[in-house]
Amino acid sequence: MAATTQVSGIDRSILGTRIRQRRREIGLTQVALAERIGISASYLNLIELNKRRIAGTLLRRTAAALQVALDDLDGAAERRLLESLTEIAHLPSLDGLGIEDGRTGELIGRFPGWARGLAALARSERAATALAQTLTDRLSNDPFLGETVHRMLTRIAAIRSAAEILTEYPDAPAERRDRFHRIIHEESRALSDVGEALAAYLDKADAPDRRLTPLDEVEALFDARENHFGEIETAAAALAREIGPGHAGGRRDAARALVAARLREPIDDIIARQPQVETAAARERARRALAAYAVDAILMPMDAFAARAAELRFDIEALAAAFAADVTAVCHRLTALPRADGRPRFGYYRANAAGTLIEMLGLDGLAVPRYAAACPLWVLYGAQQSPETVVRQRVQFPTGARFVFVGRARNAGETGFGQPRHYVTDMLAMSEDDARHTVYAPTPSAPVEPVGPSCRLCPRQSCRHRVEDPLAE
Amino acid sequence: MLKRVLLAEDEPNIVEPLTFLLERAGFEVLVETDGRQALDAALARAPDVMILDVMLPELDGYEVLRRLRADRRAERLPVLVLTAKGQREDRETALDCGADRFITKPFANAEVVEAVEQLAGR
């Protein structure tokens with residue numbers, strides 16, 4: 001009963017507002033309309049202020065006088081919208097915001113676009129919440145996870161119990177003590193197997209959800225190939241001989257033309273064989289990325305590049321000068337170096353001035369949040385304070401893992417007086433162990449900066465730069 | 001006479017430390033590694049206390065507990081449920097089935113020994 005009253009009450013409030021709006025649209029005064037429908041102007045005023053109800057013959061006459069269909073004045077779409085907004089107004093999460101519940105009709109009448117937008121937002125919020133719920137359920141009901149956690153806890157129980165006995169009963173007979181040592185040994189091995197299985201499972205479970213955009217799909221392709229495409233390298237090494245000497249820009253254009261003419265098919269082949277690239281948009285992006293890879297491979301053939309890189313101890317600026325290339329291209333080539341003994345592994349990251357990661361050629365063990373707010377302490381974000389300068393940073397993650405980051409911001413906008421500068425940062429990453437083989441090797445006394453992956457994933461409670469709480473306490 | 005603890009647990013590497021601890025604390029320990037045999041032993045061998053794992057082969061711990069509580073010979077046997085399933089609903093299920101104590105794995109040795117001593121009325 002209450003619901004019916006409320007709905008008809010709100011219906012009325014839409015009607016009055018819409019009558020006024022339509023009347024003004026067609027340039028009719030209140031007096032003129034009142035005359036045409038045979039009521040007093042003051043009564044029409046009350047109707048338009050939603051203080052009097054209008055229905056039946058009078059409503060039909062009004063619609064006719066306003067030259068609109070009755071449905072448009074009292075439309076079903078509005079009613080649905082009204083129901084949605086009424087529902088929104090009563091959402092517990094909006095309690096205390098002072099939503100003008102009684103004026104929903106007025107909102108729809110005066111700002112139909114905003115009203116529809118609000119309803120659409122509420123719909124997508126509901127959908128997102130439902131999805132989050134499904135994922136949460138999946139996590140808590142996943143039989144594999146449940147079983148694995150159970151096994152881990154059982155292993156840990158055995159280790160803990162045996163270890164406590166060894167400490168608390170030093171008088172236990174030697175053969176019993178041996179048994180407990182063996183239990184700890186056995187169970188910790190089993191525990192690390194379970195841990196590995198769990199990590200592999202989470203990696204796999206994560207995969208379909210992680211590649212959300214074409215950019216992610218292309219990154220997954222490079223990831224799967226460890227940033228190295230042998231078939232392109234071989235073809236590029238042959239094509240390199242066809243390009244004569246000349247200035248850098250000319251050589252680059254020639255390399256581009258060769259790639260377009262001769263490497264299109266091999267590139268398409270690579271993409272077709274990679275399950276990571278699923279969408280048409282991603283295939284297009286992958287084509288561009290691999291074509292750029294091929295151009296770099298022609299201008300800096302792998303054998304020559306690898307030799308020179310080792311000689312110059314992976315100095316990106318020296319390499320850029322040696323190959324008349326830019327630092328970005330050199331960084332790309334460094335990540336493409338195949339694995340070899342004593343050769344460092346590199347990751348490459350590029351961020352714009354807003355801190356958005358725009359390219360990533362990942363490095364094992366270094367997780368970079370793509371969408372979440374990243375850790376602002378990385379030189380990837382700090383290098384823009386001193387553009388065109390190579391900045392080295394020695395960092396330690398909360399896990400204890402140490403990396404060396406080398407960042408350099410460059411102007412990607414127009415050059416010229418008065419032109420805006422738009423800096424992007426190229427950053428090369430390597431493990432601290434690997435950095436020893438490079439010019440970027442930190443001296444033992446170089447400061448170690450504590451950083452994290454992102455606030456949400458970082459346990460450093462006391463960090464002054466924290467902007468969000470960690471997900472897990 | 002030594003008080004007798006029936007330990008129903010299928011993980012040998014948990015059985016061994018617990019057996020050692022309980023013997024040191026002056027109990028006689030009987031071990032069964034599946035639910036059905038644990039149930040039989042609980043009924044036939046008159047233990048003073050039972051330590052019961054939930055994930056047992058043949059018959060799970062909850063079922064063992066239900067059947068014990070339905071049998072006059074064991075309706076009063078003090079039972080300590082010891083499990084890696086530590087969520088609230090697991091605890092509730094265990095208590096609903098008639099458990100006297102609920103301890104989750106991994107456990108502190110002293111906690112288990114003290115609970116058994118309490119349940120044995122010492």
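Predicted model: local features only at pLDDT ≥ 70, side-chain atom pairs only at ≥ 80, totals over all residues.

**A strand residue and its surroundings**

Tutor: A:Val391 is partly exposed, because 18 other C-beta atoms lie within 10 Å of its own and a buried residue needs 20 or more. A:Val391 belongs to strand β3 of chain A, which covers residues 391-396. Leaving aside neighbours within four places in sequence, A:Val391 is in contact with A:Val379, A:Ala383, A:Ser386, A:Gly407 and A:Arg408. One of these, A:Val379, is twelve residues away along the chain, and the two C-alpha atoms are separated by 7.3 Å.

Strand β3 is part of an open sheet of six strands in chain A, ordered β2-β1-β5-β4-β3-β6, with mixed pairing. At the edges are β2 (357-361) and β6 (449-450) of chain A, each of which pairs on one side only. Within the sheet, β4 (residues 402-411) and β5 (residues 423-431) of chain A are antiparallel and share nine bridges. A:Arg410 has A:Val424 in β5(A) as its bridge partner. Helix α18 of chain A, residues 327-336, lies across β1 (347-351), β2, β4 and β5 of that chain and runs at about 25 degrees to β5(A).

The next topic is nonpolar packing. The largest nonpolar core has 71 residues, and those touching the most other members are A:Ile232, A:Ala294, A:Leu380, A:Phe405, A:Leu428 and A:Ala429. Helix α15 of chain A (residues 280-299) is the greatest contributor to this core, with ten residues. Domain 3 (214-299) and domain 4 (327-473) of chain A both give residues to the core, so the core lies between them. A:Ala429 shows the packing in detail: apart from residues up to four places away in sequence, A:Ala429 touches A:Phe346, A:Gly347, A:Tyr349, A:Leu363, A:Leu366, A:Phe403 and A:Phe405. Another core, apart from the largest one, has 46 residues, including A:Ile159, B:Leu18, B:Leu65 and B:Phe107. In soluble globular proteins, nonpolar side chains tend to be buried together.

Chain B also meets chain A directly. The contact takes 18 residues from chain A and 16 residues from chain B. On the side of chain A that touches chain B, helices α9 (143-168) and α10 (174-210) of chain A each supply at least two residues. The most come from α9(A), with eleven residues. By class, this side of chain A has nine nonpolar, three polar and six charged residues.

Some backbone details remain. Most residues other than glycine have a negative phi, and most peptide bonds are trans. A:Asn227, in the loop between α11 (214-224) and α12 (230-240) of chain A, has a positive phi near 60 degrees. A:Asn227 is buried, because 24 other C-beta atoms lie within 10 Å and the cut-off for burial is 20 or more. B:Glu58 is not a glycine either, and its phi is positive at about 70 degrees. B:Glu58 sits in the loop between β3 (49-52) and α3 (61-69) of chain B, and with 14 C-beta neighbours inside 10 Å it counts as partly exposed. In chain B the peptide bond from B:Lys105 to B:Pro106 is cis, with omega near -5 degrees. B:Pro106 is in the loop between β5 (101-104) and α5 (109-119) of chain B.

Methods
Residues numbered from 1 in each chain as written. Chains lettered and ligands numbered in written order. Pairing = 2+ DSSP bridges. Helix = DSSP H or I, 4+ residues; strand = E, 2+ residues; numbered from the N terminus. Contact = placed C-beta atoms within 7 Å. Axes fitted to C-alpha atoms, helices over the stretch in contact; angles between N-to-C directions. Buried ≥ 20, exposed ≤ 12 C-beta atoms within 10 Å, placed from the backbone. Nonpolar A, V, L, I, M, F, W, Y, C, P; charged D, E, K, R; others polar. Core = buried A, V, L, I, M, F, W, Y, C linked by C-beta atoms within 7 Å. Domains from an automatic or database assignment.
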